[in-house]
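Hello,

Here is the structure I promised to pass on to you. Have a look at it first, and then read on for what turned up in it.

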Amino acid sequence: LGAHADSWVGTGANHPVSADELHKALGGGAIGSVASQLGINTQQAGGLLSQVLPELVNQMSPSGALPDNHGELMSKGLEMLRGLSR
């Protein structure tokens, strides 16, 4: 998903990503961890991540580069996912 991620960090349009693509790229463990933290199943977590991840990365990289504090990116992402899962 390198081209996808590059589009999210870059200043152009964000390429969409599917839940299946994320599952293949991140693995079931990562999706399961997000699902567990949100109290939802892995299928729901994959769907939410596919909606939120492109825009989250885009917002966190307005200058076309990821911030040094990647923990902030994860915290903000979980916050956005929690809002969508309710």
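Before the findings, one term: a nonpolar core here is a set of buried Ala, Val, Leu, Ile, Met, Phe, Trp, Tyr and Cys residues joined through side-chain atoms within 4.5 Å. Please keep in mind that this is a predicted model.

First, the overall picture. The protein has 5 helices and 0 strands, so along the sequence the pattern reads α-α-α-α-α. It has 86 residues, of which 31% count as buried. Among contacts with a separation of 6 or more, 53% are between residues 24 or more positions apart. The accessible surface is about 5100 Å², and carbon and sulfur atoms hold 52% of that.

Now to the core. The largest one has 13 residues, and those touching the most other members are Leu22, Ile31, Val34, Ile40, Ala45 and Leu49. Two or more residues come from each of helix 1 (2-9), helix 3 (28-38) and helix 4. Setting aside residues up to four places away in sequence, Ala45 touches Ile31, Val34, Ala35 and Ile40.

Which residues of helix 3 are buried? They are Ile31, Val34, Ala35 and Leu38. These four lie on the same side of helix 3, because the arc they cover around the axis is only 100 degrees. Gly29 and Ser36, on the other side of this helix, are exposed. Just after helix 3 comes Gly39, with a positive phi of about 75 degrees.

Is Ser7 buried or exposed? Its relative accessibility is 9%, and because the cut-off for buried is under 20%, Ser7 counts as buried. A polar atom of the Ser7 side chain lies 2.8 Å from the backbone nitrogen of His15. Ser7 also touches Gly12, Ala13 and Asn14, besides His15, when residues up to four places away in sequence are not counted.

Do write back once you have had a look.

Best wishes

Conventions
Residues are numbered from 1 along each chain as its sequence is written. This is a predicted model: local features need pLDDT of at least 70, side-chain atom pairs count only at pLDDT 80 or more; totals for chains, interfaces and linings use all residues. Side-chain values use heavy atoms; hydrogens and water are left out. Buried means under 20% relative accessible area, exposed over 50%, partly exposed in between (1.4 Å probe, protein chains only). Contact means heavy atoms within 4.5 Å. A polar contact is a pair of N or O atoms within 3.5 Å; within protein, one must be able to donate a hydrogen and the other to accept it, and residues adjacent in sequence count only if both atoms are side-chain atoms. The arc is that of the directions from the helix axis to the C-beta atoms. Accessible areas come from the Shrake-Rupley method with a 1.4 Å probe; for residues, only the protein chains shown count as cover.
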